[in-house]
Amino acid sequence: MEMLKTKMKQAKMIKDSYGEELSINRISKTTDVILNIIFLLWSLVCVLPLLLVVVVSFSSEQSIFQNGYSFFPSEWSLDAYQFFFKLGDQLIRSYGITIFVTVVGTLFSLAITAMFAYVLSRSDYAYNRLFTLLMLFTMLFNGGIVASYIVNTQMLGLGDSLGALIFPMSLNAFYVIVLRTFYKGIPLEIIEAARIDGAGEFKTFFSVILPLSKPGLATIGMFTTIAYWNDWFLGMLYIVDQKKYPVQTLLWSMQNSLEFMKQSSANALEYAEMAANAPTDSGRMALTVLVVLPILLAYPFFQKYFVKGLTVGGVKG
Amino acid sequence: MKPFAKPKSNGYNKQGFLKTFQKNLPLTIMALPALVVMFLFRYLPMSGLLLAFKRFSVPKGIFGSQWVAFKNFEFLFQTSDAWVITRNTILYNALFICMDLILAVAMAIGLNELLRKRRAKIYQTIFMAPYFLSWVVVSFMAFSLFSVDNGLFNHLLNYFGFSGVDWYSDPGKWPFILTFFQIWKTIGYSTVMYISTLTGISNDYYEAAVIDGATKWQQIRRITLPCLKPMMIVLTILAIGRIFYADFGLFFQLPRNSGPLYPVTQVVDTYVYRALKETGNVGMAAAASLYQSIVGFVLVVSANLVVRRIEPDSALF
């Protein structure tokens, strides 16, 4: 009896400290420790490469020359970042392009996706089946990049333009399906009530349906934003004039050297002076940091929506 | 549940085409932007597939270029490239599918069993972070580890008295490096998919098992795994459906376009891109692209037919 009491006391203590429901069916302490060690190690594997890039970006060239890319540089330095601030007109331009493409692209994409998904969700719409089939077919078969490249540059005249960075990614059939499923869950009565009140299809959509679908739109908007921000491929494929590169493509072009960054600087005199002692190694890593920074800062906020979004995506009607 | 029963009373079918069209006009207008984008960027490029049978010349355009029948395919399949890219694409993807399945399920079960749920959430957040980094960024992280002169690994090797490795020109290492980074980037995402299924398993099963004296291991084998089985099958089959499409960023960015590595890093997608942009052989690129589209189409459709038999809700069509 005494033992049971202490056991219960212990159990209560564990429950209090863990803030969890205590069930009999738990793994042993040892197993828990082992699992924790494995997960901690994998966490390090996830985080350390990024940390290395950050540390290198703050290392002096001299230190890199001596120790290579190291977690413990012999000398810290802000040279790489100062380099970008001084010769930064290309960086600012690229940032501007990426931000523009991300904002406009996401809004455009959300608008056409939401409207299309809503129309497809209406079973009383006459061409519902036809358009759904047309859309599903694009998920199964596509022209591939050669055909897209030739058509976009030769027929649509999108070569070297911002349109080439926005439109090809703007309609994702999978998101249409996810949103359509969401809209199908909205009772027909609501739409009919709006109609009886004299609202047209557009008014119904914008003032009744759209506000109801905010969570779904937020999730898809987040995915789309990240896709636009992270895109380097369209920039690499379509943008000819390097001055119009979005940041990710700019970073890619820097795999070999910072030459281009130096050349495209407006200030030629300063270029000559800086070219000699440009922080090439730390410079690349500094640019990498500047490119991922917005994603990293936003990550804690969007990651919980992301998990929700995944579970929404699993359901299809 | 079908909230939208097709309203027969509207009698669209009995009326003429014009009347139906007029009645549906507002919704059609709403769908129009998406339809235009779909036509221009999904269907129009399909016409570019004709290029596989033509010798492309810019002034004549897609339709005016000269027909060469199957010449492009003859060239493609005469080289050893066709075999290499097919082998690489399929073997790498097969390996990724297996590794991802085993590791993601193991990780999901492990995270689900942790005594402190708060910790499981934190691990999950960290594991998912690499998913949001672009391949360009990841390639710079890898570079900070593998760089011949400055890389962390070579400096560690030197420190312990070994000679450095020329990572970017040693093909033997890349199957492992590519697989590692693929898993590193996507495992968190897959794990979340399985965790969302795990949390849906009713606790009653486990309670009943505990009463019958089942060990934790037995519970995992007899309850958890069978409950995860449908999800495992569906995700795997869908991945098999896309086995002929490689992750372009992984194979293009990570090896930093290093020629000596092509035998183990060239896949269909990178081959097509390089033929198009670097060697300028549009005909050959188009042939390889059509080859991919057709094989890809057959695989995706077959995979979906299989999924529809097992789990109709998860099939695309």
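Is Ala69(B) buried or exposed, and where along chain B is Ala69(B) found?

Analyst: Ala69(B) is exposed: it has 9 other C-beta atoms within 10 Å, and since 12 or fewer counts as exposed, that settles the label. This is a predicted model, so keep that in mind throughout. As for the place, Ala69(B) is found in the loop between strand 2 (66-67) and helix 4 (71-78) of chain B. For context, most residues other than glycine have a negative phi.

Asp160(A) is not a glycine either, yet has a positive phi of about 60 degrees. Asp160(A) also turns up in a loop, the one between helix 7 (144-155) and helix 8 (163-166) of chain A. With 13 other C-beta atoms within 10 Å, though, Asp160(A) is partly exposed.

Chain B has 15 helices and two strands. Its radius of gyration is 26 Å, well over the 20 Å that the globule rule gives for 317 residues, so chain B is more spread out than a compact globule. The C-alpha trace of chain B spans about 70 × 70 × 30 Å along its principal axes. Of the 317 residues in chain B, 38% are buried. Take the contacts in chain B between residues at least 6 apart in sequence: 67% of them join residues at least 24 apart.

What about the inside? The largest nonpolar core has 147 residues, and those with the most contacts inside it are Val146(A), Leu51(B), Val272(B) and Ala288(B). Helix 15 (residues 282-310) of chain B gives the largest share of this core, 11 residues. Back in chain B, Ala288(B) touches Leu76(B), Val268(B), Tyr271(B), Val272(B) and Ala275(B), leaving aside residues up to four places away in sequence.

Then there's the interface: 83 residues of chain B are in contact with 91 residues of chain A. On the chain B side, helix 2 (residues 25-47) supplies the largest share, 17 residues. By class, that side has 54 nonpolar, 21 polar and eight charged residues. The predictor gives the complex an ipTM of 0.87 and a pTM of 0.86.

Last, how far the predictor backs each chain. Chain B averages a pLDDT of 88, with 95% of the residues scoring at least 70. Over residues 1-12 of chain B the pLDDT is below 50, and this stretch has 12 contacts in the model beyond near neighbours in sequence. Chain A averages 83, and 81% of the residues score at least 70. Within chain A, confidence is highest in helix 8, at 95, and lowest in helix 15 (residues 259-263), at a mean of 53. Residues 16-22 of chain A have a pLDDT below 50, with seven contacts beyond near neighbours in sequence. At residues 313-317 of chain A, pLDDT stays under 50 as well, and the model has nine contacts there beyond four places in sequence.

Notes:
Residues are numbered from 1 along each chain as its sequence is written. Chains are lettered from A and ligands numbered from 1 in the order in which they are written. This is a predicted model: local features need pLDDT of at least 70, side-chain atom pairs count only at pLDDT 80 or more; totals for chains, interfaces and linings use all residues. Helices (H or I, at least four residues) and strands (E, at least two) are DSSP runs, numbered from the N terminus. The radius of gyration is taken over C-alpha atoms; the globule rule is 2.2 Å times the number of residues to the power 0.38. A residue is buried if 20 or more other C-beta atoms lie within 10 Å of its own, exposed if 12 or fewer, and partly exposed in between; C-beta atoms are placed from the backbone. Two residues are in contact if their C-beta atoms, placed from the backbone, lie within 7 Å. pLDDT is the predictor's confidence in each residue, from 0 to 100. A nonpolar core is a set of buried Ala, Val, Leu, Ile, Met, Phe, Trp, Tyr and Cys residues joined through C-beta atoms within 7 Å. Ala, Val, Leu, Ile, Met, Phe, Trp, Tyr, Cys and Pro count as nonpolar, Asp, Glu, Lys and Arg as charged, and the others, Gly among them, as polar.
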